[in-house]
Amino acid sequence: MNSTNSSKRVILYNVLFLISFVVTVIVSATMEREYLIYTCPVVIIILLLKYINITKKKADPLFILALIALLGINFFSFYSFKDYFVLITILTSTYLLFFAFILKKYLNKGKLKSVLSLSVILGFLLVGYVIFAVVELLIDHIPDYNLFYVFLCALCLFIYSITFAVIYINDNYENGTTLLASGVSSIFHIGLSPINEYYYFNETFTVLIIICHFLSIYLFMSFITKAEIIDPKDAKEKYV
């Protein structure tokens with residue numbers, strides 16, 4: 001009976017998430033961005049309630065704190081991105097580090113050496129170059145006193161990118177592709193957001209940022225709540 005009720009609540013939260021997500025995308029495409037202050041937090045709160053309902057007492061405090069940080073990011077980004085840029089970058093760096101720490105237990109020590117192949121190293125360099133290119137593009141448009149926070153956020157994004165990439169490459173989990181999609185969405189919306197604010201504003205960019213932003217959170221939550229090891233023998237190995 002409890003299992004049935006829990007399943008019904010999960011379905012309810014999925015429906016509520018879909019509705020709030022679609023409404024937020026429509027608002028971003030048809031109305032002033034200020035209205036996103038009211039719709040974006042609703043999406044995050046629904047995801048938080050769904051996560052607590054799924055995990056119950058096993059909920060990871062770091063993920064809950066990350067969602068709280070994301071609530072702040074959503075509010076300050078659409079209230080006044082430039083005025084609260086420092087706070088936004090600090091909160092973004094914080095939630096990225098929380099995500100990386102959450103993923104730490106999914107890193108398999110026994111297979112980390114396999115990551116050190118030429119193709120993988122080139123992939124890491126490519127991600128690093130993309131992040132560097134975005135930072136370089138923004139340097140001339142962001143006040144000097146904010147540059148430290150730009151580099152801090154870029155570093156945290158790189159750390160998170162390496163973490164989810166290693167987990168995906170090791171291929172220990174059936175839904176590793178879900179984590180990869182989440183990570184790529186994070187890189188996209190975090191890189192595009194300051195470009196949209198400081199370099200070239202476009203309403204289409206805002207819509208894409210919103211879509212990737214919430215998909216990255218939803219897919220990340222999906223991974224950490226459903227991750228299953230492909231080979232049962234791997235469960236006996238020691239994790240980092």
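User: Which helix does His-213 lie in?
Analyst: His-213 lies in helix H8, residues 203-226; helices are DSSP runs (H or I, at least four residues), numbered from the N terminus. This is a predicted model, in which local features need pLDDT of at least 70, side-chain atom pairs count only at pLDDT 80 or more, and totals for chains, interfaces and linings use all residues. Residues are numbered from 1 along each chain as its sequence is written, and side-chain values use heavy atoms, with hydrogens and water left out.

User: Why does His-213 count as buried?
Analyst: Its relative accessibility is 5%, and buried means under 20% relative accessible area, exposed over 50%, partly exposed in between (1.4 Å probe, protein chains only). His-213 therefore counts as buried.

User: Why does Ile-11 count as exposed?
Analyst: Ile-11, in helix H1 (residues 2-30), has 52% relative accessibility, so it counts as exposed.

User: What makes the pair of Phe-63 and Phe-99 stacked?
Analyst: Rings of Phe, Tyr and Trp (its six-membered ring) pair if their centres lie within 6.5 Å; planes under 30 degrees apart count as stacked, over 60 as edge-to-face and the rest as tilted. By this rule there are 23 aromatic pairs. For Phe-63 and Phe-99 the centres are 6.0 Å apart and the planes at 25 degrees, so the pair is stacked. Phe-63 is in helix H3 (residues 61-80) and Phe-99 in helix H4 (residues 85-103), so the pair ties together parts 36 residues apart in sequence.

User: Why is the pair of Tyr-95 and Phe-99 edge-to-face?
Analyst: Their ring centres are 5.1 Å apart and the planes stand at 85 degrees, so this pair is edge-to-face. Both residues are buried.

Note on methods. Helices (H or I, at least four residues) and strands (E, at least two) are DSSP runs, numbered from the N terminus.
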